[in-house]
Amino acid sequence: MYKVIDTHCHLDEVDDVESIVKKSQNAGVVAIVACGLDYESNNVVLELAQKYKSYVYAAIGVYPWTIPDALPNLDREVQFVEDNMKYAVCVGEVGLDYKKELVKQAGKQQQQELFAAMIDIAVKHDKPLSIHSRYSWKDCLNLVSDAGATKAVFHWYTGPSSVLRGIVEGGYHISACLAAEYHYEHKRAVKETPLTQLLLETDTPVHYQGHKAEPADTVRVLTAVRELKELDLAAVAEKTTQNARQLFKIA
Ligand SMILES: [Zn+2]
């Protein structure tokens, strides 16, 4: 059994956390980073990190899709993240999403202002960022690097190789998910990222080709990455777990 870390999931959206956690422990998952999206889910992941101490670690942040609903209280959402950073290992899930459906409700400028505030918190507290960068890869990279953030994970990356080169040269990370089994762009990103900058994740409870992910699937992601990198399982498990421990300061 290989020791792996699920570096990005939404444990607050899971029905039976107790059994999901037990199953992931039995599969070899040695830690889980649970990401919040808004005031409510940030509260839940902080509680889960308390309940499953030294197993579940909280990432808190305000997600771009939160903007339309939270608009009158956006400052409160941001302040909550700032006030609770000492209980979290990461600022996430944050970033930009240029899908038309969202841009109509929350413009690029508005999303960038929120993301900039999240980056400032990460820099100030010396924490990594877990970044959602759909159709906004280059802007995400520019905002992060211009703000002087040195630690960031571009989760489920499917953007162009040119931006990926900037991510790698900037010393940032990519996290591989179950899409590494079938998605052309994501597979290419995993292949092009050095093992020293790769992490594993599930984005639980997202559905991949009909399969509802859970943290135990991190082991499946490990196998998919191993095949793409043409390395042995032990080497990929050891390095990606070490990368995660270093980045999130998980003992
Ligand atoms: Zn996510």
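The axes are lines fitted to C-alpha atoms, for helices over the stretch in contact, with angles from 0 to 180 degrees between N-to-C directions.

These views show a predicted model, where local features need pLDDT of at least 70, side-chain atom pairs need 80 or more, and totals for chains, interfaces and linings use all residues. Residues count from 1 along each chain, and side-chain values use heavy atoms, without hydrogens or water.

**View A. Helix α6 meets helix α7.** The axes of α6 (residues 108-124) and α7 (residues 137-146) come within 10 Å and cross at roughly 40°, so the two helices are oblique to each other. Gln112, Phe115 and Ile119 of α6 touch Asp139, Cys140, Leu143 and Val144 of α7 (contact: heavy atoms within 4.5 Å). That makes 5 nonpolar, 1 polar and 1 charged residues (nonpolar: Ala, Val, Leu, Ile, Met, Phe, Trp, Tyr, Cys, Pro; charged: Asp, Glu, Lys, Arg; polar: the others, Gly among them).

**View B. The largest pocket.** A pocket is an open set of points on a 1 Å grid over the protein atoms alone, where a 1.4 Å probe fits, with protein on both sides within 12 Å along at least five of seven lines; lining residues have an atom within 4 Å of a point. This one has a volume of about 420 Å³ (the space filled by probe spheres set on the points). Of its 18 lining residues, His132, Arg134, His155, Trp156 and Asp203 lie nearest the centre.

**View C. The second largest pocket.** Here there is about 180 Å³ of space. Its lining includes Leu46, Lys53 and Tyr87, and splits into 8 nonpolar, 2 polar and 1 charged residues.

Conventions:
Helix = DSSP H or I, 4+ residues; strand = E, 2+ residues; numbered from the N terminus. Parallel < 35°, antiparallel > 145°, perpendicular 65-115°, else oblique.
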